[in-house]
Amino acid sequence: MDFEFFVDVFPEILEGLSITLSLFLWTLLLSTLLGLVLALMRLSPIAPLRWISGVYGWLIRGIPLLLLLFYVFFALPEFGDAFTLSPFRSAVVGLTLWTASYQSEAIRSGIISVDKGQYEASEALGMTKFHQMRKIILPQSVRIIAPPFTGNAINALKQTSLATVITVSEMTGITRGIIASSFQTVEPLLALALIYLALTTVLVFAQSGLERVFRLKT
């Protein structure tokens, strides 16, 4: 273990942190929105919407993320210039599609956990479906959603490392470059592991904080 080399490469790997965080935040935002839509479709009384959401989840969860990234980056451009995306955007699209399939199940589990009496009470008050979901159902379901949602977010953060295979220069890509040029593996990989560990630890504490807040409210 060359500690001097470890100290030298640590800040170099950190230069890719901004790209890693950008990938993660865009993925988290877009996959949450898409996951909510898919969850509501799965719970819809309209059969075609339930079918589309179910097939989407089955298809995406059955495909490795690496293959999905390859498809978005290499295969989609064959359908025309409109489908040609930069490496970063391709990574965001692939990660979003993949993560949304899991977030939809987390959100759906929270929604169906709300007591049916809450639905009946809001309907008795004359609430529309939109206001019922926004003001009554979703706020109560957050307590159930939080643990699996955060787990999926942590997984998405770690999966951003796969973006290096489509030439995104995030932390893993920089680490691969350092290893290729220095022929030293232990120090760069240890630095990368510690950075990811720190990032996921922050998300774990965020989850614990959310759980404490909603535990106090119940």
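**The aromatic pairs**

Modeller: Because Phe70 and Phe74 are 4 residues apart in helix 4 (residues 65-75), about one helical turn separates the two; helices here are DSSP runs of H or I with at least four residues, numbered from the N terminus. This is a predicted model, in which local features need pLDDT of at least 70 and side-chain atom pairs count only at pLDDT 80 or more, while totals for chains, interfaces and linings use all residues. Residues are numbered from 1 along each chain as its sequence is written, and side-chain values use heavy atoms, without hydrogens and water.

Rings of Phe, Tyr and Trp (its six-membered ring) pair if their centres lie within 6.5 Å, and planes under 30 degrees apart count as stacked, over 60 as edge-to-face and the rest as tilted. By this rule there are 5 aromatic pairs. In one of these, Phe70 and Phe74 are tilted, with 5.7 Å from centre to centre and 50° between the planes. Phe70 and Phe74 are also linked with Phe73 into a cluster by ring pairs.

As for cover, Phe70 is partly exposed at 32% relative accessibility, and Phe74 is likewise partly exposed, at 47% (buried is under 20% relative accessible area, exposed over 50%, partly exposed in between, with a 1.4 Å probe and protein chains only). The rings of Trp98 and Tyr102 have centres 5.0 Å apart and planes at 55°, so this pair is tilted. Both residues belong to helix 5 (residues 87-112), where 4 residues, about one turn of the helix, lie between their positions. Trp98 is buried, with a relative accessible area of 9%, whereas Tyr102, at 28% relative accessibility, counts as partly exposed.
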